[in-house]
Amino acid sequence: MVSKASLMNLKRGAKDLVNRSLDRHVKLAVTGLSRAGKTAFITALVDHLLQGPVHHQLPLWQVAREGRFLGAQKVPQAHFHIPSFKYEQSIKALRGDAPHWPEPTEGVSEIRLKIKYRPDSLLWRNINQTAELTLDIVDYPGEWLLDLPLLQMTFEQWSEHMMQTLEEPARAELAKDWLNIGGQLDPLAEADEQQIARISQAYTDFLLRSKSELGLHHIQPGRFVLPGELQGAPLLSFFPFVWRQGLEVNPEQGPKNCAYKMLKSRYEHYQEHVVKQFYDQHFVHFDRQIVLLDCLTPLNVGRQSFQDMQIAIEQILQSFNYGQTGLLRRLFAPKIDKLVFAASKADHVTPDQHENLLSLLSQLVVNGQREVAFSGIESHSIAIASVKATQAGSVDYQGAPHPALTGNVLGQDELITLYPGEVPADLPQQSFWQGQGFDFVNFAPQKIEPNKPMPHIRMDLAIEHLLGDKFL
Ligand code: GDP
């Protein structure tokens with residue numbers, strides 16, 4: 001006969017086995033270009049999970065629908081040297097009496113949750129009624145991924161590439177100041193730190209203006225506009241050398257201590273200690289990734305901004321193309337196996353336009369998605385609103401009902417009802433830009449009553465795609 005003690009031992013052994021075979025930990029990375037909605041997404045996601053099993057409204061998340069989600073808790077993060085995601089501050093902003101959008105984070109940050117659930121698997125259920133999943137959520141700027149190609153370019157090649165981007169007249173116009181003061185630099189003279197810092201500041205100002213005035217995203221080096229913890233570090237004091245034409249001596253042959261060599265060595269330092277380090281310390285550890293894309297703002301801003309976003313997206317997707325470039329595989333060993341592309345802020349358009357928004361998103365990522373699939377990564381495209389700020393309804397227009405949105409205009413405290421326009425289902429052609437285009441306003445978040453779930457559009461589908469299989 002088997003004794004009670006050996007039965008206990010057997011049970012404990014089986015539990016250890018299942019514990020080991022089930023994946024108890026997942027690292028979810030959230031990225032997107034700045035203002036894409038990362039902070040809003042993470043705040044809403046954490047809020048939904050912390051609200052627990054009673055007050056959520058997440059029917060598309062299977063575990064919640066089946067009543068197996070038992071709750072979540074915020075626990076100390078794993079890495080003490082990485083800034084914490086400012087959840088408390090952000091949720092206060094969204095759930096406060098005067099709701100407002102939280103401050104976006106500008107660098108990498110993380111937050112850890114423990115999620116309790118009732119497993120579905122028979123074996124596990126027999127041994128233990130509940131299971132836990134540790135979820136690390138990491139927020140980082142998509143702009144940092146735009147730096148990946150720098151690893152394949154020498155300083156000379158990068159300078160040449162940046163010179164080509166100045167063929168675009170609007171960029172060239174904004175670059176004037178930088179080009180003027182940079183043109184005074186003698187690349188062969190002894191490096192003057194102060195002069196290089198001044199020119200580098202002018203270059204940074206040019207990048208910042210390209211972003212704010214032209215709505216451009218494809219900006220290199222990414223840390224110049226989102227420096228994170230490197231703010232003010234000499235490591236960010238360099239710029240591409242675009243004044244080569246007409247020089248009698250190749251600056252590559254200049255003396256060791258010359259200005260050109262200082263620029264080149266800082267660029268190489270940036271490649272090694274900023275770009276590579278990000279992939280090494282963070283990227284390789286991600287299991288799941290969501291890329292948020294705000295397709296609507298560039299539609300509002302205009303053609304150049306939209307096309308630039310397309311380039312930026314293609315560039316960002318290179319980081320998930322492990323197979324074909326070979327570069328990532330050679331340098332790092334990334335392990336992301338699921339990738340979700342989410343068109344954010346879907347509450348800016350009427351529900352009848354969501355299908356178009358999704359179709360537009362799918363076309364924006366189609367090339368990248370093909371390569372991602374080739375790398376063995378499962379991917380999904382969805383349209384979401386992390387925090388729904390509008391109410392969809394309809395208005396009477398010329399005797400017929402017409403879809404409309406109602407919301408508080410950001411900064412005006414004025415409730416308006418409007419129809420923002422049609423989202424093109426395909427990549428917009430010339431006629432779209434010449435026509436009426438698209439016109440949406442930004443809305444303030446709605447007041448949320450305590451214990452009521454945060455209003456959203458398809459956040460549950462995002463959770464299902466990203467984590468659904470972890471709750472078996
Ligand atoms: P981040 O820079 O990627 O962290 O972007 P944020 O999360 O800070 O979002 C930038 C801005 O986009 C916010 O201040 C809001 O104005 C807007 N936003 C973000 N998510 C939503 C959303 O789900 N709905 C609406 N209506 N606006 C959003």
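# Questions about a predicted model

Colleague: Let's start with a pair of side chains. In this predicted model, how far apart are the closest N and O atoms of Glu213 and Arg209?

Modeller: Side chains of opposite charge can pair when their charged atoms come close. Glu213 and Arg209 do form a salt bridge. For that, a side-chain nitrogen has to lie within 4 Å of a carboxyl oxygen, and here the closest N and O atoms are separated by 2.8 Å.

Colleague: How many residues apart are Glu213 and Arg209 in helix H9?

Modeller: An α-helix has 3.6 residues a turn, so residues three or four places apart point the same way. Glu213 and Arg209 are separated by about one helical turn of H9. Glu213 is partly exposed at 45% relative accessible area, and Arg209 is partly exposed at 35%. Their spacing along helix H9 is 4 residues.

Colleague: Thanks! Now take the salt bridge of Arg223 with Glu229. Is Glu229 buried or exposed?

Modeller: The closest N and O atoms of Arg223 and Glu229 are 3.9 Å apart. Arg223 is buried, with a relative accessible area of 5%. Exposed means over 50%, and Glu229 has a relative accessible area of 61%, so Glu229 is exposed.

Colleague: How many salt bridges are found in the whole structure?

Modeller: Some of the charged residues are linked in a network: Glu156, Arg244, Glu252, Lys264 and Glu268. A search of the whole structure gives a total of 23 salt bridges.

Colleague: Let's turn to the sheet of 7 strands. Which strands stand at its edges?

Modeller: The strands form an open sheet with mixed pairing, in the order E2-E3-E4-E1-E5-E6-E7. An edge strand here has a single partner, so one side of it is left without a neighbour in the sheet. Neighbouring strands are turned by 20° against each other on average, direction ignored. The edge strands are E2 and E7.

Colleague: Which residue of E7 is the bridge partner of Val340?

Modeller: Strand E6 covers residues 338–343 and pairs with E7 in the parallel sense over 6 bridges. Helix H15 lies across E5, E6 and E7, and H15 runs at about 160° to E7. The partner of Val340 in E7 is His380.

Colleague: Which residue in the turn of the E8 and E9 hairpin has a positive phi?

Modeller: E8 and E9 run antiparallel and are joined by 8 bridges, with Val395 opposite His402 in E9. The hairpin has 2 residues between its strands. The residue with a positive phi, about 50°, is Gln398.

Colleague: And in the hairpin of E9 and E10, which residue takes a positive phi?

Modeller: E9 pairs with E10 in the antiparallel sense over 5 bridges. One bridge brings Thr406 together with Thr417 of E10. There are 4 residues between the strands, and the one with a positive phi near 80° is Gly411.

Colleague: Now two helices. At roughly what angle do the axes of H2 and H4 cross?

Modeller: The two axes come within 10 Å of each other, and their crossing angle makes H2 roughly perpendicular to H4. Residues of the contact include Val46 and Leu50 of H2 and Ile91 and Leu94 of H4. The contact residues divide into 5 nonpolar, 4 polar and 2 charged. The angle is roughly 90°.

Colleague: One last stop: what is the distance between the C-alpha atoms of Pro187 and Pro255?

Modeller: Pro187 is found in the loop between helices H8 and H9, and Pro187 is buried at 5% relative accessible area. Leaving aside neighbours within four places in sequence, Pro187 has contacts that include Phe241, Leu247 and Tyr260. Pro255 is 68 residues from Pro187 along the chain, and their C-alpha atoms are separated by 9.7 Å.

Definitions and conventions:
Residues are numbered from 1 along each chain as its sequence is written. This is a predicted model: local features need pLDDT of at least 70, side-chain atom pairs count only at pLDDT 80 or more; totals for chains, interfaces and linings use all residues. Side-chain values use heavy atoms; hydrogens and water are left out. Axes are lines fitted to C-alpha atoms, for helices over the stretch in contact, and angles run from 0 to 180 degrees between N-to-C directions. Angles under 35 degrees count as roughly parallel, over 145 as roughly antiparallel, 65 to 115 as roughly perpendicular and the rest as oblique. Contact means heavy atoms within 4.5 Å. Ala, Val, Leu, Ile, Met, Phe, Trp, Tyr, Cys and Pro count as nonpolar, Asp, Glu, Lys and Arg as charged, and the others, Gly among them, as polar. Two strands pair if DSSP finds at least two bridges between them. Buried means under 20% relative accessible area, exposed over 50%, partly exposed in between (1.4 Å probe, protein chains only).
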